[in-house]
Amino acid sequence: METGFNGNTKKRGRKDFEESLVSEKSGFGDILSSILMLDEEAKQEQYQWVTNSDQDRAFFQANYKGNVQEMNGYFENQFSEMNQLDNSSNKRARKSGSPAAAATVSAGSDNVGPSKSGSGSGQQRRLWVKDRSKDWWTKCNHPDFPDEEFKRAFRMSKATFNMVCEELEPAVMKKNTMLRDAIPVRQRVAVCIWRLATGEPLRMVSKRFGLGISTCHKLVLEVCAAIKTVLMPKFVQWPDESKIRSIKQAFESAAGIPNVGGSMYTTHVPIIAPKVSVAAYFNKKHTERNQKNSYSITLQGVVDQTGAFTDICIGWPGSMSDDQILEKSAFHQRATRGHLKDVCVVGNKGYPLMDWVLVPYSHQNLTWAQHAFNEKIGEIEKVAKEAFARLKGRWSCLQKRTEVKLQELPIVLGACCVLHNICEMRNEVMDPELKFELFDDEVIPDNNIRSMASAQARDHIAHKLLHHGLGGRGTSSTAFL
């Protein structure tokens, strides 16, 4: 019985094993069939996506070809109209003899340019120039234009303007090119001088002279640089010994103060707030007067008895005082090296008293002699102040903030000083309507007496003026002229 039981047990185990194998095989089959079905569905979806993409691509290509054809047709029509306009303008220019508004340059077959569709001729490259009216300048440049109106516009007579053009011609003249004719020298100089004289913005200069705004800006800087390079050495220079003697005699005969070789003054020119070192250019006095933030650079100058500049120092920040600017100037360096022998310059109370700088008494409770000295030295001070007033009145660009960059402004100020000297030397009378009143505050320096010897010399001059009957005698600054 034990053997029979064991045999049946073995048969049942083998049967169960076979059934488990069958069930496992059927499970694997189901999984495999599911994978195959998923793969088939993915293939069908990919095929459907490719089919849709091909249809979309075909649609976009057809649409793109249609747009290209329409654009080609549009540009062909435009180029045809441009060619017709060009041909008609060239015909009118040849008939009238006036310069053409557009220059045409032939190009090789490899160059691309507008041409008529289907034409067998070579293609053309064209330079299109905007047509601007030059009627105002043409009228001013005409020989019959009244000299008074010319002087009102350019602050100088035709003769002086012609002299300036002749002097600057080698430096500013440009050659014609195959694309366009160069701007004439007279027009170049006129653009610069009219801009300096009126202070008008560049868009107005462009409208007056029929030139582009950027071209006008470039011309102003080029001509100002030429004036500084060519004319400044001729018209702004320290006088020689013979000229110094005549200047000293003129000042002494008019004011009774000996050895005066010039009158000194410092003015401020307003600027737009710079992007760097703003505090250095901040003008406290002008800010208090105008009730708004003001920024400036300085212009220090020495003038002779006629009001012409003999020395200038340009560009120091507006926060500096007059004595600080003087110490930074090249004029101070020359004087301290002993180049000013037996010569002094007269300044206002903003300058210190030195061996070569003579200033009025600035303390309270003056004596009769000191009061008389201040009156006489004030007449010499007035010469410089009136010269600066004429400078700013004649060249209005110095009265308000300009579009010129800060680093380029000293060149413009130097050109104004040179043109001022030319007008003064040629006796160009300024229109009274252009009169300008200066507002430059005098700040007394802390150490206003730098030399005891100069203080004693000033006391001696004051005593002499009082006891020789020269003190208090009313004389006008016109006595220097």
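Two strands are taken to pair if DSSP finds at least two bridges between them, strands (E, at least two residues) and helices (H or I, at least four) being DSSP runs numbered from the N terminus. The model is predicted, so local features need pLDDT of at least 70 and side-chain atom pairs pLDDT 80 or more, while totals for chains, interfaces and linings use all residues. Residues are numbered from 1 along each chain as its sequence is written, and side-chain values use heavy atoms, without hydrogens and water.

On these terms, strand S4 (residues 295-303) pairs with strand S5 (residues 309-317) in the antiparallel sense, over six bridges. Pro-317 in S5 is the bridge partner of Ile-297. Five residues lie between the strands of this hairpin, where Gly-307 adopts a positive phi near 90°.

Turning to charged contacts, the structure contains eleven salt bridges, each a side-chain nitrogen of Lys or Arg within 4 Å of a carboxyl oxygen of Asp or Glu. One of them joins Glu-428 to Lys-151 at 3.5 Å, N to O. This pair links distant parts of the chain, 277 residues apart: Lys-151 sits in helix H3 (residues 147-154), and Glu-428 in the loop between helix H14 (409-425) and helix H15 (452-467). Glu-428 is buried because its relative accessible area is 8%, the classes being buried under 20%, exposed over 50% and partly exposed in between (1.4 Å probe, protein chains only).

Arg-390 and Glu-424 also meet in a salt bridge, at 3.0 Å, N to O. Here helix H13, holding Arg-390, is linked to helix H14, holding Glu-424, across 34 residues. Arg-390 is partly exposed at 22%, whereas Glu-424 is buried at 16%.
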